Amino acid sequence: MTSPAVPGTAAPDPALLDELLDVALDAARRAGALLLDGRPADLGVAGTKSSPVDVVTEMDLASEKLVLELIAERRPRDGYLGEEGAERAGTSGVRWVVDPLDGTVNYLYGLPSWAVSVAAELDGRAVVGVVLAPARGELFQAVLGRGAQLDGRPIGARPASPWGQALIATGFNYVQPVRVRQAEVLLALMPEVRDIRRGGAAAVDLCDVAAGRLDGYYERGLAPWDRAAGCLIAAEAGALVGGRPGHGPDGALTVAAAPGVYEPLQERLAALRAWAD
């Protein structure tokens, strides 16, 4: 299953999509190599974001700088939005949405679930997504209408499990009152499903749904750079992707799951008002 066309919009130029994919792959590979090979043994926290436990390292900043410079050189008229504060308007209709190091806390602690996430949007719609997880040795990619791949091989969401046998992943905000509310939602869901996983990197979780390793995933509070590439990859792999009922994925709620699991997951999250305090 691929993302449906937006009424009234023309199909993107295939040559443009090929170019954007090439840039995204190059950016992700270069940033991934920097992060994997250049990680200092004494890596420490360079600053914090939303709370004292929401950290940024010097490698987040170095990765963002590398990606921004590469895109500026290859496609100088494009816009850019990055997690570490880089933002610029463009004139081409293309905007890059980048998380230069998704899963910073995992990276800081030496855990393998972290990634570089690079998405290209055309007129506000994601058309290319690349997620590179260097410590896992995995490269996920998708182009609108062309399906999703892992290391060059097609991937797809797993067949629907019964709700009681679904393996569901989630994540937690770094702001303490929000985390408490998220724990309440999790407490209600956990007895209903097979089990819960918490990987610590939204882009990787979304790609694991795409690869059939999870039945579903949900999270409150994701920023555009957390979800842009991963949501496209999951959708192109046949997963259903959305948010609150009647909404697409957004900062209130992002849901991605195999058809047949998505519906009860979204229904339960709606009943629990998982996006609300």
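Two strands are taken as paired if DSSP finds at least two bridges between them. All views show a predicted model.

View 1

**View 2. Pairing of strand 13 with strand 15 (residues 254-257).** The two strands run antiparallel and are joined by four bridges. Glu-219 has Thr-254 of strand 15 as its bridge partner.

**View 3. Helix 4 (residues 176-189).** Its 14 residues reach 20 Å from first C-alpha to last, close to the 20 Å expected at 1.5 Å a residue. Val-178, Arg-181, Gln-182, Val-185, Leu-186 and Leu-189 are buried. Down the axis of helix 4, the buried residues fall within an arc of 145 degrees and so line one face. Gln-176, Pro-177 and Leu-187 are exposed on the face turned away from the buried side. The cover over the buried residues of helix 4 includes strand 11 (167-170), strand 12 (195-197), strand 13 (216-219) and helix 7 (262-271).

**View 4. The largest nonpolar core.** Of its 60 residues, Leu-20, Ile-71, Trp-96, Val-128, Val-131 and Ile-233 touch the most other members. Helix 1 (residues 14-37) gives the most to this core, 11 residues. Another core, of 21 residues, lies apart from it and has Trp-163, Phe-172, Tyr-262 and Leu-265 among its members.

Note on methods: Residues numbered from 1 in each chain as written. Predicted model: local features only at pLDDT ≥ 70, side-chain atom pairs only at ≥ 80, totals over all residues. Heavy atoms only, no water. Expected span 1.5 Å × (residues − 1). Buried < 20%, exposed > 50% of the residue type's maximum accessible area, 1.4 Å probe, protein only. Arc of directions from axis to C-beta. Contact = heavy atoms within 4.5 Å. Core = buried A, V, L, I, M, F, W, Y, C linked by side-chain atoms within 4.5 Å.
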